[in-house]
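Dear colleague,

Please find below the structure that I am handing over to you.

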Amino acid sequence: RTQAEMAHTCRGTINLSTAHIDTEDSCNIVLSNGGRTYHLKANSEVERQRWVTALELAKAKAIRMRNNQSDDSGDEEPASQSDKSELHGTLKTLSSKLEDLSTCNDLIAKHGAALQRSLSELENLKLPAESGEKIKAVNERATLFRITSNAMINACRDFLDLAETHSRKWQRMLQYEREQRIRLEETIEQLAKQHNSLERACRGAPGLSSSSTGITSTAKGSVQSAKGEASDEDEETEYFDAMEDAPAFITVTADPKHHRRSGSNLSGASEGHPEDWNLEDSVFESSNQSSYNESTCKDLLPKKRRRTRIPDKPNYSLNLWSIMKNCIGKELSKIPMPVNFNEPLSMLQRLTEDLEYHELLDKAVKCESSTEQMCFVAAFSVSSYSTTVHRTAKPFNPLLGETYELDRLEEFGFRSLCEQVSHHPPAAAHHVYSKRGWTLWQEITIASKFRGKYLSIMPLGAIHLEFHSSGNHYVWRKVTSTVHNIIVGKLWIDQSGEIEIVNHKSKDKCQLKFTPYSYFSRDVPRKVTGVVSDADGKAHYVMSGTWDEKMECSKIVQSSHGSTSTEGKQKTVYQTLSPKVLWKKYPLPENAENMYFFSDLALTLNEPEERVAPTDSRLRPDQRLMESGRWDEANVEKQRLEEKQRAVRRRREAEAVEALEEGKDYEGYIPLWFERKVDAVTGELICVYKGGYWEAKDKQDWSTCPDIF
């Protein structure tokens, strides 16, 4: 299959060119690609080996096809029936013309032979010497004419064969050019519509109908906003599948002094103790003082002084559209980008940056109730997006085998390790251990598409968090990030979609909804809402806030079924106590706008450290040159590193093909510090930390590390 065909397959298919093929035992085969995992079972070990060999051969062929077609496949759709009919009609016409030419060739050969015979007879006649010479010259010219005619017919036949051979390639190229033109036309049209809508809004156009008052979300995590006046923005709005049976809810703050457990006439009410909010929830009370107090206390602890600034970002101008116009529809990781669009951090360091608000997990350890603990885990999952609001630059794509460590065991109680375990698709494995009672691990595969007007970044893979004392095991996935105004205007980032956090021990759930930004919405921008419920579906807490500022938690004291919404779904009314702040974003450091809008933690991530592995991102030369402001040298170094990596990949692919031809198994790239295992909770094949890194660091034995820089 071509890339285009593989990009538009139905459910149940898997792209072999980027798949991992593993064997569990003598009969089982595991196929995984990003977040998908398929388990296949053969009848015998011999049959399993035949299947593995066939799959590896097919994977090698798919990789070759992807590399051969990457220049012209783009994001094209399969050719329409009309295009195929037109192509077949053209080939049929060419065949007909070729038959006509063949007939003419036969006639030319027949009449040419007759002409030569006649000329030969004339030569035999007794004619004057001058006439004989002329007849001989005519005979030679007739022979040349016949040879030329035959050559012309053969060339026409070769042309038809070539047209039939390359017809599919021409068809793809034509389709790709058509789609590029259509995309550009649509982009310009949408820009014009948006500008027109903004002008009308500025001139006092009639206001849109507002959505229902209060915090509106869904008990299952889905939000259906009230339909307003139709606008041109509707065509560009992304919609996400809602959970089934997800009634919207409204929260109403209750007065604890007047609320009592008894005497409630709310139908189907789930009641709680309002006094619990003040007496039992000491962890929540400590959160009210926010993380600022905790950060102040941290300054009193003896710790290593970290840097608080980096060199200012140089003011280089570069036309983004001149580079991106030929990349519409392609994977972002396959687009050669200069460092002008990067920030001096790798994707591994950005992944580690999710730990900026690790103290939320330290507080979650102290929670006695699993639903309380879920609130802190939910706040932590949202806090990881707070650094992205101004960060429109692209992190460096890690090289295969690149690592990054963040050892803050003495200062904050945790140590983190990341490794790039796959290059196509790009995948990073992450493991964090905290001596304060929790462990976090994940394998994230980044899927990204450039659509001309915006860039969608879709992290695939589950995040696992386990608390040591309680054994509570939480799993969730990230939402889609979208970078807008790629062509015209100021770049800005939005987060949209849903996060479902599941405690696989207690079966508690939290559904969080990230509301997409809209020009005409009256909601708070970057709004996040959700509900924490137990295994029986009883709601305990309402989560609300924004992903760039803070998250609050309100305890539910009563719930009842309210009116039916315009979509026909019944709303639930929650009576809650006053909200408490669980998380609040740290202020950015001074002069952050000239330092890529880095937070205090981000400023320290690329700070040089001793005794790290030779594959650590801090030692990457192009990234270091960019941070120093030497962008031209960084671009040269970046090209060198990427070409070195491509050479290694080509050699590995050649070894794989050679091994398969000889009937041998080829394992491919094996991560150094992580190993692939089937997760017992999700059933997915993921990379988990197998140990050895911190021991190697203590001994300073890096002999197993590859030379990637």
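Two strands are taken to pair if DSSP finds at least two bridges between them. The model is predicted, and the points below should be read accordingly.

By that criterion, strand β1 (residues 20–23) pairs with β2, four bridges joining the two in an antiparallel arrangement. Within this pairing, H20 has S32 of β2 as its bridge partner.

How enclosed is strand β2 (residues 28–33) by the rest of the structure? Six of its six residues are buried, so β2 is largely enclosed. In a regular strand, side chains alternate between the two faces of the sheet. In β2 both faces are covered: N28, V30 and S32 are buried on one side, and I29, L31 and N33 are buried on the other.

Turning to the cysteines, a search of the whole structure finds zero disulfides. Buried means under 20% relative accessible area. C687 has a relative accessible area of 1%, so C687 is buried. C705 is buried as well, because its relative accessible area is 13%.

Yours sincerely

Methods
Residues are numbered from 1 along each chain as its sequence is written. This is a predicted model: local features need pLDDT of at least 70, side-chain atom pairs count only at pLDDT 80 or more; totals for chains, interfaces and linings use all residues. Side-chain values use heavy atoms; hydrogens and water are left out. Buried means under 20% relative accessible area, exposed over 50%, partly exposed in between (1.4 Å probe, protein chains only). A disulfide is a pair of cysteine sulfur atoms within 2.5 Å.
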